[in-house]
Amino acid sequence: MKMNMISKKLAWLLCGALLLSGMTGWGQLNPGDIALIAYNGDGDDDIAFVALVDIPASTSIWFTDNEWTGTDFNDLNEGRIEWTYGSVLSAGSVVVINGTSSSSSLSASVGSVSMTGSMNLGVSDEAVFALLQEPSTSTMSTPGFLGGIANDLSGSGATLTGTGLTLGTNYLDFNDDNDGYVYNGSRSGEASFADYLPLIMNTANYQIESSDGTQILPISSAAFTTSSPAPTVGWDAASSSETEADVDFDVDIPVTMSNYSQQVIVDIAVTGGSAEPSDYTLNTSQLTFNGNGTQNVNIGINDDADADDETIEL
């Protein structure tokens, strides 16, 4: 976008690019934003998860098979794995974590992992949780549970109370004390990544191994994709004009998103131009669309005596 200040006349040419961020922006992740899609309790032990939203860069996600009591973990004598990635993990990406039984065999297909203790997954009475905070035996007021998987949740001694998770909605319990599970349902064709969660929670969409969990290996890291078109975001008009009246005033520039039903965040910043910073105030740094619609970018124009042609590029 350019702002031309000609004498006391402001002529606007809207040509700037809009930077789109991921569907959830950079806020707190919520239950169901990831889902565990594989569990192997034999050999070196393995798990895998899919991101159903963009995961912000440098986010830490913890995985543990310690037992949640409703306010904290009853002890920490099992494993605690921290996964992190220095870049944004795009929605639909699958992360496979191999070798959870020992730090020497631990690895991740994307990002880095470290472990305290040993997450030696059982072939019965076992439950795994994914959360944003490091597991603790002290009361955890904001643990940030995201999801989990179990071969027998009740037998494990853990509970979903206080997690914000719901059995069959964002926590998967097979309740059959088997050795291995891997999602083998569809990874393409859904309109949004969130639409995959019910498929992932359906035990019929899994290869289940009752005696040798290693039969699910290697775990596929193929990404999930959607059929939704890319959003269309742009300025409402190619040009407009404003007349300065020797006072400070604000200008609203409409931006419209269409052809999309998910959340999109648009970052607004001044990228160039000849106007001095004192000539204007960018009052809008970000727009959040939760579906199709129009919002305004607000720019404050500061009165001055200059009659020069000047521009602001967004």
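Leaving aside its neighbours within four places in sequence, Ile37 is in contact (heavy atoms within 4.5 Å) with Ala48, Phe49, Val50, Val94, Tyr181, Val182, Tyr183, Arg187, Ile200, Tyr206 and Phe224. This is a predicted model, in which local features need pLDDT of at least 70 and side-chain atom pairs count only at pLDDT 80 or more, while totals for chains, interfaces and linings use all residues. Residues are numbered from 1 along each chain as its sequence is written, and side-chain values use heavy atoms, with hydrogens and water left out.

Ile37 is also one of the residues with the most contacts inside the largest nonpolar core, together with Phe49, Phe63, Ile200 and Phe224, and this core has 48 residues. A nonpolar core is here a set of buried Ala, Val, Leu, Ile, Met, Phe, Trp, Tyr and Cys residues joined through side-chain atoms within 4.5 Å, where buried means under 20% relative accessible area, exposed over 50% and partly exposed in between, with a 1.4 Å probe and protein chains only. Strand 4, residues 34–40, gives the most to this core, with 6 residues. Apart from it lies another core, of 19 residues, which includes Phe249, Tyr260, Val264 and Tyr280.

Strand 19 (residues 264–267) and strand 21 run antiparallel and are joined by 4 bridges; two strands pair if DSSP finds at least two bridges between them.

Elsewhere, 6 strands form an open sheet of mixed pairing, in the order 10-7-6-11-12-13. Strand 10 (112–116) and strand 13 (171–173) stand at the edges with a single partner strand each, so one side of each is left without a neighbour in the sheet. Strand 7 (residues 80–84) runs antiparallel to strand 10 and is joined to strand 10 by 5 bridges, and Ile81 stands opposite Met115 in strand 10.

Taken as a whole, the protein chain has 2 helices and 22 strands, which are DSSP runs (helices H or I, at least four residues; strands E, at least two) numbered from the N terminus. Of its 314 residues, 47% count as buried. Among the contacts in the protein chain with a separation of 6 or more, 70% are accounted for by residues 24 or more positions apart.
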